[in-house]
Amino acid sequence: MQQTLFLPLWRNIPNAISMARLCAAAILLATLILHRVDIFQWLFLACMLSDIADGLIARAFGLTSAFGARLDSLADVATTAVGTLGVLVFQQPFLTHHALGLLVIIGFYAVEVLASLWRYGRVSSFHTFLARIAALMGGTFVMTLFFFGYHEWLFELAVAAYILSLSEEMVLIYLLPRWRSDVRGVYWVLR
């Protein structure tokens, strides 16, 4: 009897983490309006770590679902958008010197999201290996930028990882006629 009482709660932990991250995006937006970089950087770090945690928990305990993948992707879009705004608001010197690299990433991301919406009617939730690497590199760069300052090599690695990842996702949108979540990458789709 106890097992059935706790099973629904346990199965919802990854989704609860994604939902909390989605709600945190609104708080992050408020920190931008109030110009509270101290709160922004710590809450954004918590969002980045919780993004890693919900995926690890879902995969480790077999708690993945189509709903969870969509919720995670929606939270990713929201926190990525607010994180980008945070860089625009709080990191002006970096922005003026590296606008081209940021515009390339934002452009690739916008094209991938629009292509997914056009093809599937929803945001892709591929969660490829390259996407995980790109998110890790991008998150590491942004957190390093806020806490320790700019490091050019880290920025260049993040840009390259995002370009590779988003290019692969656009190829997956072309290859997959129906929406699928948790696709490892092009290699596995072609096998």
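Helices here are DSSP runs of H or I with at least four residues, and they are numbered from the N terminus. The model is predicted, so local features need pLDDT of at least 70, side-chain atom pairs count only at pLDDT 80 or more, and totals for chains, interfaces and linings use all residues. Residues are numbered from 1 along each chain as its sequence is written, and side-chain values use heavy atoms, with hydrogens and water left out.

**View 1. A nonpolar surface patch involving α2 and α4.** Here L29, I33, L34, L85, L88 and V89 make a patch of about 530 Å². Patch members have over 30% relative accessible area and no salt bridge, and nonpolar side chains (Val, Leu, Ile, Met, Phe, Trp, Tyr) are joined within 5 Å. Helix α4 (66-90) gives the largest share, three residues.

**View 2. L34 in its loop.** Look for L34 between α2 and α3 (37-60). With 63% relative accessibility, L34 counts as exposed (exposed is over 50%, buried under 20%, with a 1.4 Å probe and protein chains only).

**View 3. R21 and D54.** A salt bridge (a Lys or Arg side-chain nitrogen within 4 Å of an Asp or Glu carboxyl oxygen) joins this pair, with the closest N and O atoms 2.9 Å apart. R21 sits in helix α2 and D54 in helix α3, 33 residues apart. Both R21 and D54 are buried.

**View 4. R21 with D72 and D76.** D72 approaches R21 to 2.5 Å between the closest N and O atoms. Since D72 is in α4 and R21 in α2, their pair ties together parts 51 residues apart in sequence. For D76 and R21, the closest N and O atoms are 2.7 Å apart. Through shared partners, salt bridges join R21, D51, D54, D72 and D76 into one network.

Terms used
Patches are made of residues with over 30% relative accessible area and no salt bridge: like charges are joined within 9 Å, nonpolar side chains (Val, Leu, Ile, Met, Phe, Trp, Tyr) within 5 Å. Accessible areas come from the Shrake-Rupley method with a 1.4 Å probe; for residues, only the protein chains shown count as cover. Helices (H or I, at least four residues) and strands (E, at least two) are DSSP runs, numbered from the N terminus.
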